[in-house]
Amino acid sequence: MKRTIFRNQLLPWLLLAPQLVITFIFFLWPAAQAVRQSFLREDAFGFRTTFVGLRNYRALFNSPEYMNSLEVTVIFAVSVTVLSMGLALLMAVAVDRMLKAAPVYTTLLVWPYAVAPAVAGILWWFMFNPTVGIMAYVMRQFGYSWNHLTSSSDAMALVVIASVWKQISYNFLFFVAGLQAIPASLREAAAIDGAGPVKRFFTITLPLLSPTTFFLMVVNVVYAMFDTFAVIHATTEGGPRQSTNILVYKVYNDGFVGLNLGSSAAQSVILMAIVIVLTVIQFRYIERRVNY
């Protein structure tokens, strides 16, 4: 591989400067401000600020509402990650086995990725509306009275379905690319040796897809923890009874609605730390099982 050498030492820094400035202004500086604010107590208008140390953090871990939000986040993130990746892999395998209709099939599956998360949430909210929703009507015909406005399990199912539907297209594209990169000769050799489709998938295809699967696992965890805010805000707003109030939505609700800025900042720091720890664990332990 040919290595690029800059004779002018200033040129690389000038090329990197726009991205470094954007990273500092929109990521590092707000993160530093959140860490600083998490040790303070402020009134809603910023007229009075008091240093309280770790009091905001202690109050959070002694709060039943916050611990409930943490539990809800774990259930929601695991559900969204497993379902979106599992369904996307199933659809990608179906495309990989198709010949003539594969381009049309792929195009139709990619469309949901172009839909904004808030629009996706509203779309599924209408479909599952207890009064006029077509899905709620179909379930009533089978004897199930769907109502995500009063049922915690129905509300969780709604936000998981909307979030999974939004993310499947992204996962699908990467799985299709990963499947197409696997040499056909490997699967053909296994078929000649007598391995059936299921055995070929688990012994050849899935291990060779492990780099793609690992990458998507990291991306989907981050998606479930942060990017699903708009879906929940457009559908349940954290209800009923805080059953869909995940951590990122609680940060917004306490900070922008309840105007408890110190607690909201402490929650955002904890959320950032959780995501960093999960990412480190994934790269430290799960990546060892990846076959490159």
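## The nonpolar cores

A nonpolar core is a set of buried Ala, Val, Leu, Ile, Met, Phe, Trp, Tyr and Cys residues joined through side-chain atoms within 4.5 Å. In this predicted model, the largest such core has 42 residues, and those with the most contacts inside it are F76, V80, F172, F175 and I246. Helices α2 (55-61), α3, α7, α10 (210-227), α12 and α13 (261-286) each supply at least two residues of this core. Apart from it lies another core, of 7 residues, which includes W124, A136, L158 and V231.

F172, one of the residues with the most contacts inside the largest core, can be followed through its own neighbours. Once residues within four places in sequence are left aside, F172 is in contact with A88, M91, A92, V95, Y105, T106 and L109.

## Overall make-up and confidence

The secondary structure of the chain comes to 13 helices and 2 strands, and its C-alpha atoms fill a box of roughly 75 × 75 × 30 Å when this is taken along the principal axes. Of the 292 residues of the chain, 37% count as buried. Among contacts between residues at least 6 apart in sequence, 66% join residues at least 24 apart.

The mean pLDDT of the chain is 88, and 94% of its residues reach 70 or more. Among the elements of the chain, helix α4 (residues 102-110) has the lowest mean pLDDT, at 74, whereas α11 has the highest, at 94.

## Packing of α10 against α13

Helices α10 and α13 pack at an angle of about 170°, with their axes 11 Å apart. Because angles over 145 degrees count as roughly antiparallel, α10 is described as roughly antiparallel to α13. On the α10 side the contact is made by F214, M217, V218, V221, V222, M225 and F226, and on the α13 side by L271, I274, V275, L278, T279, Q282, F283 and I286.

## Contacts of L83

L83 lies in helix α3 (residues 64-97) and is partly exposed, with a relative accessible area of 41%. Not counting residues up to four places away in sequence, L83 touches V160 and V164. The C-alpha atoms of L83 and V160 are separated by 8.8 Å, although these two residues are 77 residues apart along the chain.

## Aromatic pairs

A search of the whole structure finds 16 aromatic pairs. W124 lies in helix α5 (residues 117-127) and W165 in helix α7 (residues 152-180), so the pair ties together parts that are 41 residues apart in sequence. The two partners fall into separate classes of accessibility: W124 is buried, with a relative accessible area of 13%, while W165 is partly exposed, with a relative accessible area of 25%.

A further pair is made by F229 and Y252, whose ring centres are 5.2 Å apart and whose planes stand at 75°, so this pair is edge-to-face. Here F229 belongs to helix α11 (residues 229-235) and Y252 to helix α12 (residues 247-257), so the pair ties together parts that are 23 residues apart in sequence. F229 counts as partly exposed at 23% relative accessibility, and Y252 counts as partly exposed at 24%. Elsewhere, ring pairs link Y113, Y170, F174 and F215 into a cluster.

## Backbone features in the loops

The loop between α11 and α12 holds P240, and the peptide bond that leads from G239 to P240 is cis, with omega near -10°. Q242 lies in the loop between α11 and α12 as well, and Q242 has a positive phi of about 60° although it is not a glycine. With a relative accessible area of 36%, Q242 is partly exposed.

In the loop between α12 and α13 is L259, another residue that is not a glycine and yet has a positive phi, of about 60°. L259 is partly exposed, with a relative accessible area of 41%.

Key: Residues are numbered from 1 along each chain as its sequence is written. This is a predicted model: local features need pLDDT of at least 70, side-chain atom pairs count only at pLDDT 80 or more; totals for chains, interfaces and linings use all residues. Side-chain values use heavy atoms; hydrogens and water are left out. Rings of Phe, Tyr and Trp (its six-membered ring) pair if their centres lie within 6.5 Å; planes under 30 degrees apart count as stacked, over 60 as edge-to-face and the rest as tilted. Helices (H or I, at least four residues) and strands (E, at least two) are DSSP runs, numbered from the N terminus. Buried means under 20% relative accessible area, exposed over 50%, partly exposed in between (1.4 Å probe, protein chains only). pLDDT is the predictor's confidence in each residue, from 0 to 100. Contact means heavy atoms within 4.5 Å. Axes are lines fitted to C-alpha atoms, for helices over the stretch in contact, and angles run from 0 to 180 degrees between N-to-C directions. Angles under 35 degrees count as roughly parallel, over 145 as roughly antiparallel, 65 to 115 as roughly perpendicular and the rest as oblique.
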